Amino acid sequence: MKWEVVIGLEVHTQLTTKSKIFSAASTAFGAAPNTQTAVVDIALPGALPVMNRGAVERAIQFGLAIGAKVNRKSIFARKNYFYPDLPKGYQISQFELPVVEGGAITIQVQPAKGDPYEKVINLTRAHLEEDAGKSVHEDFHGASGIDLNRAGTPLLEIVSEPEMRSAAEAVAYAKALYSLVTWIGICDGNMQEGSFRCDVNVSVRPEGQAEFGTRREIKNLNSFKFIEQAIKYEVQWQIDEIESGRKIQQATILFDPDSGETRMMRSKEDAHDYRYFPDPDLPPLVISEEWVERVQRELPELPVAMQARFAEQYGLSAYDARTLTASKELAAFFEATVAAGADAKLAANWIMGDISATLNREEKTIADCPVSSDALAGLIKRISDNTINNKTAKDVLKKMWESGDAADVIIERDGLKQETDTGAIEAIVDAVLAANPKAIEEYRSGKEKALNALVGQVMKGSGGKANPGMALELLKKKVS
Amino acid sequence: MSLSQDDVRRIARLARIAVSDDEVAASQAQLNQLFTLIEEMRAIDTTGIEPMAHAQDVMLRLRDDEARAANRREAFQAVAPSVENGLYLVPKVIE
């Protein structure tokens, strides 16, 4: 039987506010335990929550960025459960009326086999809620330790429709969402610190069946690699179960990166009944038209719009435009390079090529690039005006990277200027031709490419300073 | 609608309240009285009335995003039953 995989994601994005969602305690990561808690966060009796305007603003930004409905009125509810890192005995969340409803995001999928494709994934909702604290299960004489620094950190939980049909699509969705929330700056995207955590709902059904199969929810995946591994394992597990005649039970499961397997956390029998009800401490959140309009005006140009503009304004291919808008910083670097006088196509090639490759190798991001956009433009200008050829430019870039010197300084100092004196190159060309009578013969008998092989020898003879185009032209001229 | 004794036990378990068998019977009677009241309210025609999420007709007050709460760990932990290395200690929880 052929099986179809159905996947939906719930992503918890930690918002970039300075203070918590309902208190004025700091949200900074890594402080000593329990030093960033206010009376609300530790649930002292009588302490009342006061909503952070910055958290609401970020929810509005997200809603507008995905073309969703930003509800002018939304409700906060109590989600009741008991756990020591949740001092109130409930989490303040949104249930019936979330701040954001609907919206969609376009994903670029690179399947395991076949060509990449685009797909639109619809979103169900996004709602504001508070994070819980952290439990430390190291041994404290048989006790657990509780750190409430994270308690009350604002989260936007983003829920997708179950529209993904493979691990590759789920990863593409998570990446697209990640890129968007970091692009508009509502989330710092630090996955190691838990700023972007995914719960993945997975089910399988026989191809062609309309009803969904029973789903299991994989909790708390904090890397794209784990999302992919966990889904692949889980899908195979579910298919094996069904094909062995067993039924899937709804359950919450955990992925163990060490074993690469998923395991049951709790089954449906003891699944939580959260008994949601509107929080009497928090009246409805009302968002004015003016507020939404201002956020709309201040929203940065979004990746999709920027891609279209890059194609139009700089004549870049769709692929180049997409690659350069992978992050806001990369896009800004490209635009700054062009603004500093570099040819756009060359700038795109250099940034996507040598610059990105070297950054990857050194595990750096564009923000730490030792060659500035101005410096790169300086190099590209020397390629455009034929001062140096492409191959020399690669070496110059390497030296710029190491020394921080400008391209012109290196070219001058190391005498890398391209030889444009035809006479000097002609002498080299003559010598090369004299040594390669066979190539000349082949060329004359119609094998056009025979001379291309000789360009390399001319380049070598010139110490890399000849212009390859000019060398080929001279070679042809001499033999015909 | 009326609750069975099993319903009462389940609600008690969800709320982490220990109830004896006698208490279950008493709670069942009290809760079912509440449901009678709810049934009466449900019978009222509320067509065209927007549901309320809050008893008062007010809207949420917002504060500016400023981190200005002082570190009061020492004061908070002075009243905690057990602390170590800045952490609150609780009976071991394993999921």
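Predicted model: local features only at pLDDT ≥ 70, side-chain atom pairs only at ≥ 80, totals over all residues.
**View 1. The contact between chain A and chain B.** Chain A contributes 57 residues to the contact, and chain B contributes 36 residues.

**View 2. Polar contacts and salt bridges across the interface.** Between chain A and chain B, 22 residue pairs are in polar contact, both residues being at pLDDT 80 or more. The rule finds three salt bridges across this interface.

**View 3. The side of chain A that touches chain B.** At least two residues of this side come from each of the strands β2 (51–52), β10 (134–140), β11 (143–147), β16 (261–267) and β18 (285–286), and likewise from the helix α1 (53–65). By class, the residues on this side of chain A are 32 nonpolar, 14 polar and eleven charged.

**View 4. The cavity.** One cavity of 30 Å³ or more is found in a search of the whole structure. The largest cavity holds about 60 Å³ of space.

**View 5. The lining of the largest cavity.** The lining includes Val40(A), Asp41(A), Leu86(A), Pro87(A), Lys88(A) and Tyr90(A). Also among the lining residues are Glu130(A), Asp131(A), Ala132(A), Ala151(A) and Gly152(A). Six residues of the lining are nonpolar, one is polar and four are charged.

Definitions and conventions:
Residues numbered from 1 in each chain as written. Chains lettered and ligands numbered in written order. Heavy atoms only, no water. 1 Å grid on protein atoms, 1.4 Å probe; cavity = no way out; pocket = protein on both sides within 12 Å on 5 of 7 lines; lining within 4 Å. Points joined across faces, edges and corners; volume = space filled by probe spheres on them. Nonpolar A, V, L, I, M, F, W, Y, C, P; charged D, E, K, R; others polar. Contact = heavy atoms within 4.5 Å. Salt bridge = Lys/Arg side-chain N within 4 Å of Asp/Glu carboxyl O. Polar contact = N/O pair within 3.5 Å; in protein donor to acceptor, adjacent residues only side chain to side chain. Helix = DSSP H or I, 4+ residues; strand = E, 2+ residues; numbered from the N terminus.
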